[in-house]
Amino acid sequence: MGEKTIFVCSDSVGETANTVVQATIRQFSASKVIVKRFGSIRTEDEVRHIVEEAARAGGFIAYTLVLPELREMMRQEAFRLNVNAIDIMGPMMQAFIDTFKDSPSRKVGLLYQLDEKYYQRVEAVEFTVNSDDGKDPSLMKQSHIVLIGPSRTSKTPLSMYLAHKGYKVSNYPLVPEVKPPDILYELDPKKLVGLTMHPDKLMAIRTERLKAVGLPFGAKYATMARIEEELAFAHELYKKLGCMTVDVSEKAIEETAGIILADRY
């Protein structure tokens, strides 16, 4: 079998179903997996067309549809055309109804309404962008989380992921030749997270980075000796600071974020 296609459908933006689908894909070694997203679905005709396309492609559907009539249409069309369709939200909503004897609002897009939490996320993202890569160490005192680590240990993508969850994050790159800012020693160690990575993994990532920017393969930045020096420097600093350390070698950004938040919140 060649290309595999998964259809993500929602009457909102589809982020919930897409997150589940992406987490599922990572559990398999399959290549050439295409994810097609359909958001803001409002009519039964839209549902019908999507199921027909999924049937032609030989794929399956993951959907989050709040409106009962759209969910019912999805079930009927999927059964008619023998398409596997997974209702991501329906069983959870039914469990809530059965357990707590409550009724859902049936309003689409509630997760993305412009409420106070939305503006907190926007503020967190703006703060994190201004605090990226050690731009302004003085902002660390206002941060919820401060990430430190050698180059290419996922500091920036992890910072942005946490920011989108509403946390103000600063990150600072560690280099043996540069004295870390004194402010690190003034912070609560619980706010600090030291990132590390297996030397072989970090070497592979840095080598690819050199290729991407057109620099020679033998640059010191990607040599094992330099990487081991940087990691040793980082670990010594982590001990002095008494901070949490996370090895990100084989972890997805979401997994690392989960570890950090579970330890603090």
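Which residues does T196 touch, not counting residues up to four places away in sequence? The partners are L231, H235, T245, V246, D247, V248 and S249. Contact here means heavy atoms within 4.5 Å.

## Basis of the model

This is a predicted model, in which local features need pLDDT of at least 70, side-chain atom pairs count only at pLDDT 80 or more, and totals for chains, interfaces and linings use all residues. Residues are numbered from 1 along each chain as its sequence is written, and side-chain values use heavy atoms, with hydrogens and water left out.

## Overall architecture

The protein has 10 helices and eight strands. Helices (H or I, at least four residues) and strands (E, at least two) are DSSP runs, numbered from the N terminus. Along the principal axes, the C-alpha atoms fill a box of roughly 65 × 45 × 30 Å.

Of the 265 residues, 37% count as buried. Buried means under 20% relative accessible area, exposed means over 50%, and partly exposed lies in between (1.4 Å probe, protein chains only). Among contacts with a separation of 6 or more, 74% come from residues 24 or more positions apart.

## The largest nonpolar core

A nonpolar core is a set of buried Ala, Val, Leu, Ile, Met, Phe, Trp, Tyr and Cys residues joined through side-chain atoms within 4.5 Å. The largest one has 18 residues, of which I145, L147, L162 and V193 touch the most other members. At least two residues each come from β5 (145-149), α6 (155-163), β7 (192-196), α9 (224-241), β8 (244-247) and α10 (253-264). Helix α10 gives the largest share, three residues.

L162 touches I145, Y167, V169, A257 and L261, leaving out residues up to four places away in sequence.

## Helix α10

Helix α10 has 12 residues. Its first and last C-alpha atoms are 17 Å apart, close to the 16 Å expected at 1.5 Å a residue. The expected span is 1.5 Å times one less than the number of residues.

Which residues of α10 are buried? They are T256, A257, I260, L261 and R264. These residues lie on the same side of α10 because they cover an arc of only 125° around the axis. The arc is that of the directions from the helix axis to the C-beta atoms. A262 and D263, on the other side, are exposed. The cover over the buried residues of α10 includes β5, α6, β7 and β8.

## T196 in strand β7

T196 sits in strand β7. With a relative accessible area of 7%, T196 is buried. Its side chain makes a polar contact of 2.9 Å with that of H235. A polar contact is a pair of N or O atoms within 3.5 Å; within protein, one must be able to donate a hydrogen and the other to accept it, and residues adjacent in sequence count only if both atoms are side-chain atoms.

## M203 in helix α8

M203 belongs to helix α8 (residues 199-213). Its relative accessible area is 26%, so M203 is partly exposed. Beyond its neighbours within four places in sequence, M203 is in contact with A222, M224 and I227. M203 and R226 are 23 residues apart in sequence, and their C-alpha atoms are 9.5 Å apart in space.

## Cysteines

The whole structure contains zero disulfides. A disulfide is a pair of cysteine sulfur atoms within 2.5 Å. C9 is buried, at a relative accessible area of 0%. C243 is buried as well, at 11%.
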